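Here's a quick briefing to read alongside the model.

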Amino acid sequence: VDLDRGLTVRRKSIASLSPDRTRLSAPVGGTTGFNVEVRNTSATPRTFAIEAESGIATVTVSPSTTPELAPGEQATISVTASLPSTGRNRRDTVQVRAIDAASPAEGGDYAWGLIRITR
């Protein structure tokens, strides 16, 4: 297989998110919030940019960047998801990523946390 030389592949993850899966409920048009712990699993201090996205909800994170974390250290991130007041979707998934803030274009430098929202 031809590999894209622009990609960096690592054997070991540099971040972990906890919880990596959870189930939340919110009413139509409602808002739900939860915390995610971001842990630096690499051997060097790092700062992580936090991103979150959803198919139908509006998602915000705070803070959007962690302080510099020593190896093994973690930071708490607050995630808020606001569901639309219209639509037929019964479920949505919020995906939270922690990306190496110093090298965001490297690819593969992130961890996913999946949050299932049911109404």
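A nonpolar core here is a set of buried Ala, Val, Leu, Ile, Met, Phe, Trp, Tyr and Cys residues joined through side-chain atoms within 4.5 Å. Keep in mind that this is a predicted model. With that in hand, the largest nonpolar core has 23 residues, and the salt bridges number three.

**The core**

- Phe34, Val38, Phe48, Ile50, Val79, Val94 and Ala98 are the core members that touch the most other members.
- At least two core residues come from each of strand E1 (15–18), E3, E4, E6, E7 and strand E8 (110–118).
- E6 gives the largest share of this core, with four residues.

**The open sheet**

- Four strands make up an open sheet in the order E1-E3-E6-E5, and their pairing is antiparallel.
- E1 and E5 are the edge strands, each pairing on one side only.
- From one strand to the next, the twist averages 25°.
- E5 and E6 run antiparallel and are joined by five bridges.
- For a landmark on that pairing, look for Thr60, which stands opposite Thr80 in E6.

**Salt bridge one: Arg46 and Asp100**

- As a reminder, side chains of opposite charge can pair when their charged atoms come close.
- Arg46 and Asp100 do this through their side chains, with an N to O distance of 2.6 Å.
- Buried or exposed, what are Arg46 and Asp100? Arg46 is buried, and Asp100 is buried too.

- Glu51 and Arg97 form a salt bridge, and their closest N and O atoms are 2.9 Å apart.
- This pair links distant parts of the chain, with Glu51 in strand E4 and Arg97 in strand E7, 46 residues apart.
- How exposed are the two ends? Glu51 is partly exposed, at a relative accessible area of 35%, whereas Arg97 is buried, at 12%.
- Arg97 also meets Glu53 in a salt bridge between their side chains, at 3.4 Å from N to O.
- Here too distant parts of the chain are linked: Arg97 in strand E7 and Glu53 in strand E4 are 44 residues apart.
- Glu53 has a relative accessible area of 39%, so it counts as partly exposed.
- Through shared partners, the salt bridges join Glu51, Glu53 and Arg97 into one network.

**A loop residue: Thr66**

- Where is Thr66? Look in the loop between strand E5 (58–62) and strand E6 (74–82).
- Thr66 has a relative accessible area of 4%; buried means under 20%, so Thr66 is buried.
- Beyond residues up to four places away in sequence, Thr66 touches Thr47, Phe48, Ile50, Ala75 and Ile77.
- Phe48 and Ile50 are among the core residues that touch the most other members, and Thr66 is in contact with both Phe48 and Ile50.

Methods
Residues numbered from 1 in each chain as written. Predicted model: local features only at pLDDT ≥ 70, side-chain atom pairs only at ≥ 80, totals over all residues. Heavy atoms only, no water. Salt bridge = Lys/Arg side-chain N within 4 Å of Asp/Glu carboxyl O. Buried < 20%, exposed > 50% of the residue type's maximum accessible area, 1.4 Å probe, protein only. Contact = heavy atoms within 4.5 Å. Pairing = 2+ DSSP bridges. Axes fitted to C-alpha atoms, helices over the stretch in contact; angles between N-to-C directions.
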